[in-house]
Amino acid sequence: MSTGPGLESLVNQTISIITNDGRIIVGTLRGFDQATNIILDESHERVYSTREGVQQLALGLYIIRGDNISVVGELDEELDLVNDLSKIKAHPLTPVIH
Amino acid sequence: MLFFSYFKELVGKEVTVELKNDLAIRGTLHSVDQYLNIKLENIKVVDDDKYPHMLSVRNCFIRGSVVRYVELPPDGVDVDILHDATRREARGS
């Protein structure tokens, strides 16, 4: 009754995580728990900068601690193909301040 | 518990969630849980020229701990009901 919006529906899907320090990490959700700790497979970080397009750094299999997670986004594969990351320039996200 | 119940009433309404990293996301409230984690559908990032980081994302889960504000539709608030619930909650504790 009080479980609400789990991440259940996103397991084995590609997700985009925004962390509290302002990083974007994309990967396949393999597992999660009540504290929103996440197991992310085939993960890579997308680094945004104002000078050059988006850089992607391969990371592999990661566990990301829940208290460092802000947003878990469901990555729409079609939309992701349409957007040319090498052309996008932006400031990196600001870190979370509680 | 009061706000959990209150948000459950707002499921289906369009809200804008402002986060503690200054990002603001507008979307339809899909669900909420006891931690006030929020799931939004068909999201649009406010000021998406500045924040293209979520261009490929349609639906998202927002951790309750990172929410600064939830902006509600003005007609989504029944002040009288909220007043009653608040009084009951205050009496209870």
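**Interface of chain A and chain B**

The contact (heavy atoms within 4.5 Å) takes 39 residues from chain A and 30 residues from chain B. This is a predicted model, in which local features need pLDDT of at least 70, side-chain atom pairs count only at pLDDT 80 or more, and totals for chains, interfaces and linings use all residues. Residues are numbered from 1 along each chain as its sequence is written, chains are lettered from A in the order in which they are written, and side-chain values use heavy atoms, without hydrogens and water.

Q: Why is the pair A:D76 and B:R58 called a salt bridge?
A: The term requires a side-chain nitrogen of Lys or Arg within 4 Å of a carboxyl oxygen of Asp or Glu. The closest N and O atoms of A:D76 and B:R58 are 2.3 Å apart, so the pair meets the definition. The count between chain A and chain B is 1 salt bridge.

Q: What makes β5(A) and strand β4 of chain B a pair?
A: Strands are DSSP runs (E, at least two residues), numbered from the N terminus, and two of them pair if DSSP finds at least two bridges between them. Here 5 bridges join β5(A) to β4 (residues 57–62) of chain B, so the strands pair, and they run antiparallel. In β4(B), B:I62 is the bridge partner of A:V71.

Q: What is the area buried between chain A and chain B?
A: Buried area is the accessible area (1.4 Å probe) that two parts lose on being put together, summed over both. For chain A and chain B this is about 2800 Å², with 56% from carbon and sulfur atoms.

Definitions and conventions: Helices (H or I, at least four residues) and strands (E, at least two) are DSSP runs, numbered from the N terminus.
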